[in-house]
Each structure stands twice: as C-alpha cells, then as structure tokens.
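Me: I have a chain open on my screen and would like to go through it with you. Could you take my questions one at a time?

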Amino acid sequence: MRDEFILHTDELDNSIDYLEKAAFYYKNRKDKYCFKWLMISLHGALYGFGVCAVKGITIERVLEMKLGKAKFEQKKKETVKYYEQMGFVVENESILDQVVDYNASQLLSIWDILDYCQDEGIMTQRLDSKVLKMTDMQHQAIKKMIHYRNEFAHFKPKALGITKSEQWIIKEIINVIKFLALESGNVFYKGSHNKEDVEKLICEFNT
C-alpha cells in the first residue's frame, strides 16, 4: 500500500501560502503575536516570489552551484549509495553530476535574490519583463523585516518590545511583493496557481 502525501507543493505554491498567512495576520492585528507572524510570512513571500521572478525556466539561476571538489565527490558517493539502496545500479556515475550539483547546492540568500531582481540582464526574460526598481524606503523596510524575522526565528532569551511605529514597513514590503508577483512578468501562473487570487491577497493590505 502506497503512503499518501500530507503535503504537495512547489516554489510558487509555497510563496502564495506565505502571502496568505501574511494577509491572515494583517487582518487579525489584535492577535498578540501578529507582528511576529507578519515578519515571518512576509519574509517567506518576498523571498519566494523573488525566487520565482529570477528563476524563469533556469532553476540553477537561483542556486549557489559552488560545490568544492571534495564536497561534490562526497555527495556523489552518497547519491550512488542512495540509488543502490533503492534497487538501481548506477553503471555510469557521471550521469549523476548534474543531480548532485543541484541537490547539494544552497538557495541564494534573500539579498542575492533581490539584487538579481534589480539586474536587467537577469530579469529581462520575456518581452513584457520588468526590472525591480527598489526605493530607499523599501530597502530599509526589507532590512528591518529580515532583522525581525531572524530575531523571531532564532529567539535568544530576552525581553523584546516593538512599537506600532514599525508597522510602516509592512506596506513597503507588500509593494515589492506586488511588483514581483504581478508586474515583473516573470512569474508563470498555471494549474492551481491563480494570479487573480494573488491580486486579491495583495488587496487585503489596503484595508
């Protein structure tokens, strides 16, 4: 009997899920931890839609792909062993080179992805593609968001207080997400991925 999936997702579904969670907490601002979850979910949405906008049809574009020889060979041995345990004999190990490169490579950092989003050579993938032109306010908002997200994700023993004055960063970040998700021309919606749903979620932040 085959096991059933408890989750099936991809990079666009994951980005939309983060945006949905951000919209949920934006509408529930009386929740004590609303700001915390907004920072975490907005970070995921911004990062995710940035990856989708940069990636196009070339997945390697958003990966570091900088494995050293020793690490590559170790990962290759592990991959061969994995396939053998699955019952497959790998007669020509060189066919696994690309698989190993991809699976062992890390995703570029959020700042690297955002730099790429502002690079005309990378973003101009289609006739209707547009390049992100980030304002100083947006840059400062993202910097603050990343700081808060990291504080919450790696919370050290301490007391932390955040005032309402920090809420300005939310709409600045939403404007960047809006551009990447709806205006860059590089995010391809298909199947269950619905551009209209993303538009509605973005509108939730106008209330």
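This is a predicted model: local features need pLDDT of at least 70, side-chain atom pairs count only at pLDDT 80 or more; totals for chains, interfaces and linings use all residues.

Me: How many helices and strands does the chain come to?
Reply: The secondary structure comes to 9 helices and 0 strands. Along the sequence the pattern reads α-α-α-α-α-α-α-α-α.

Me: What percentage of the residues count as buried?
Reply: The chain has 207 residues, and 39% of them count as buried.

Me: And what share of the contacts comes from residues 24 or more positions apart?
Reply: Among contacts with a separation of 6 or more, such residues account for 75%.

Me: Let us look at H9. Which of its residues are buried?
Reply: Helix H9 covers residues 195-203, and its buried residues are Val 198, Leu 201 and Ile 202. They lie on the same side of H9, because they cover an arc of only 100° around the axis.

Me: Why do residues three or four places apart point the same way in an α-helix?
Reply: An α-helix has 3.6 residues a turn, so residues with that spacing point the same way.

Me: What do the buried residues of H9 pack against?
Reply: Their partners are helix H1 (11-27), helix H2 (34-55) and helix H8 (168-183).

Me: Are H8 and H9 roughly parallel or antiparallel?
Reply: The two helices pack at an angle of about 170°, and their axes are 11 Å apart. Angles over 145 degrees count as roughly antiparallel, so H8 is roughly antiparallel to H9.

Me: Which residues make that contact?
Reply: H8 contributes Ile 174, Ile 177, Lys 178, Ala 181 and Leu 182, while H9 contributes Lys 195, Val 198, Glu 199 and Ile 202. By class, the contact has 6 nonpolar, no polar and 3 charged residues.

Me: What happens at the start of H9?
Reply: There, Asn 194 has a side-chain oxygen that reaches to within 2.8 Å of the backbone nitrogen of Glu 196.

Me: Now H5, please. Which residues are buried there?
Reply: In helix H5 (residues 110-117), the buried residues are Ile 110, Ile 113, Leu 114 and Cys 117. Their arc around the axis is only 95°, so they sit on the same side of H5. What covers them includes H2, helix H6 (120-123), H7 and H8.

Me: A new topic: is Lys 55 buried or exposed?
Reply: Lys 55, which is found in helix H2, has a relative accessibility of 15%. Buried means under 20%, so Lys 55 counts as buried.

Me: What does its side chain make a polar contact with?
Reply: The side chain of Lys 55 makes a polar contact with the side chain of Glu 11, at 3.3 Å. Leaving aside residues up to four places away in sequence, Lys 55 touches Glu 11, Arg 61 and Val 62.

Me: Where does Ser 15 lie, and what does it touch?
Reply: Ser 15 lies in helix H1 and counts as buried at 1% relative accessibility. Beyond four places in sequence, Ser 15 touches Ala 45, Gly 48, Phe 49 and Cys 52. A polar atom of the Ser 15 side chain lies 2.7 Å from the backbone oxygen of Glu 11.

Me: Finally, where is Gln 167 found?
Reply: Gln 167 is in the loop between helix H7 (136-153) and H8. Gln 167 is partly exposed, with a relative accessible area of 35%.

How values were computed: Residues are numbered from 1 along each chain as its sequence is written. Side-chain values use heavy atoms; hydrogens and water are left out. Buried means under 20% relative accessible area, exposed over 50%, partly exposed in between (1.4 Å probe, protein chains only). Helices (H or I, at least four residues) and strands (E, at least two) are DSSP runs, numbered from the N terminus. The arc is that of the directions from the helix axis to the C-beta atoms. Contact means heavy atoms within 4.5 Å. A polar contact is a pair of N or O atoms within 3.5 Å; within protein, one must be able to donate a hydrogen and the other to accept it, and residues adjacent in sequence count only if both atoms are side-chain atoms. Axes are lines fitted to C-alpha atoms, for helices over the stretch in contact, and angles run from 0 to 180 degrees between N-to-C directions. Angles under 35 degrees count as roughly parallel, over 145 as roughly antiparallel, 65 to 115 as roughly perpendicular and the rest as oblique. Ala, Val, Leu, Ile, Met, Phe, Trp, Tyr, Cys and Pro count as nonpolar, Asp, Glu, Lys and Arg as charged, and the others, Gly among them, as polar.
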